[in-house]
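Subject: Structure handover

Hello,

Here is the structure for you to look through.

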Amino acid sequence: WYQRRVRGKVLNQLISLGMVTALELMQAGFPSRIAFRDLYDMYSAMLPDKLKSLHPRMFCSALFRAIGMSPNDYKFGVTKIFFRPGKFAEVDLLMKSGSEHLSDMISRVERWTLRQCWRRVQFAILAFNKWTKIARWRTGCIINIQKNVRMWTTRRHYLRESKE
């Protein structure tokens, strides 16, 4: 009886700590993991000022895109990145390969971040246009409701007066 009760509490603790999700990721073939901030701190000394201002998660995403890593080789968690076996070592080798390769990679990261900013601006414009279209439609609906209420009250007033 006591062992079942303790096992249940331990299982609840593991679930609330997110260990079950981490174990599922490891079982799916993502044994290596590192926090966004740790990866960012490892390479921040090599980065220009423009890229130092990036959020660590955004930096990691841009870095993996720039080095041509497949999205199947890594997964983003809430605070960590999970890698397939051997992929983190590949990232580390590419980052420490040389200054000419590093400058090329930094330019690719900058292009990717610019492209992301442009996509966000496009999305914001499309969302704003859709919102204004909905607002105009609602305004038209409100005017139509007001017109019908005025018509109904006028007709009711007219019918009352005509009966008298």
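**Salt bridges**

A search through the whole structure turns up two salt bridges. Keep in mind that this is a predicted model.

Start with aspartate 41. Its salt-bridge partner is arginine 37. The closest N and O atoms of this pair are 3.8 Å apart. That falls inside the cut-off, because a salt bridge needs a side-chain nitrogen of Lys or Arg within 4 Å of a carboxyl oxygen of Asp or Glu.

Where does the pair sit? Both residues belong to helix α3, which covers residues 36–43. Aspartate 41 and arginine 37 are four residues apart there, so about one helical turn separates them. Aspartate 41 has a relative accessible area of 44%, so it counts as partly exposed. Arginine 37 is partly exposed too, at 46%.

Now go to helix α7, residues 99–163. Here the side chains of arginine 108 and aspartate 104 form a salt bridge, at 3.1 Å from N to O. These two residues are four apart in α7, about one turn of the helix. Arginine 108 is partly exposed, with a relative accessible area of 26%. Aspartate 104 is also partly exposed, at 35%.

**A positive patch**

Which residues form the positive surface patch? They are Arg65, Arg111, Arg115 and Arg119. Helix α7 gives the most to this patch, with three residues. Arginine 111 is placed in helix α7. Its relative accessibility is 47%, so arginine 111 counts as partly exposed. Patch members need over 30% relative accessible area and no salt bridge.

**The strands**

Look next at strand β3, residues 80–83. Strand β1, residues 32–35, pairs with β3 in the antiparallel sense. Four bridges link β1 and β3. Find alanine 35 and you will see lysine 80 of β3 opposite.

Strand β2, residues 74–76, also runs antiparallel to β3. How many bridges join β2 to β3? There are three. In this pairing, lysine 75 stands opposite phenylalanine 82 of β3. β2 and β3 make a hairpin, with three residues between them.

**Where to begin**

Finish at the hairpin of β2 and β3.

Best wishes

Technical notes
Residues numbered from 1 in each chain as written. Predicted model: local features only at pLDDT ≥ 70, side-chain atom pairs only at ≥ 80, totals over all residues. Heavy atoms only, no water. Patch = residues over 30% accessible without salt bridge, like charges linked within 9 Å, V, L, I, M, F, W, Y side chains within 5 Å. Areas by Shrake-Rupley, 256 points an atom, 1.4 Å probe, with all protein chains shown as cover. Lys, Arg positive; Asp, Glu negative; His and termini not counted. Charge placed at Lys NZ, Arg CZ, Asp CG, Glu CD. Buried < 20%, exposed > 50% of the residue type's maximum accessible area, 1.4 Å probe, protein only. Pairing = 2+ DSSP bridges.
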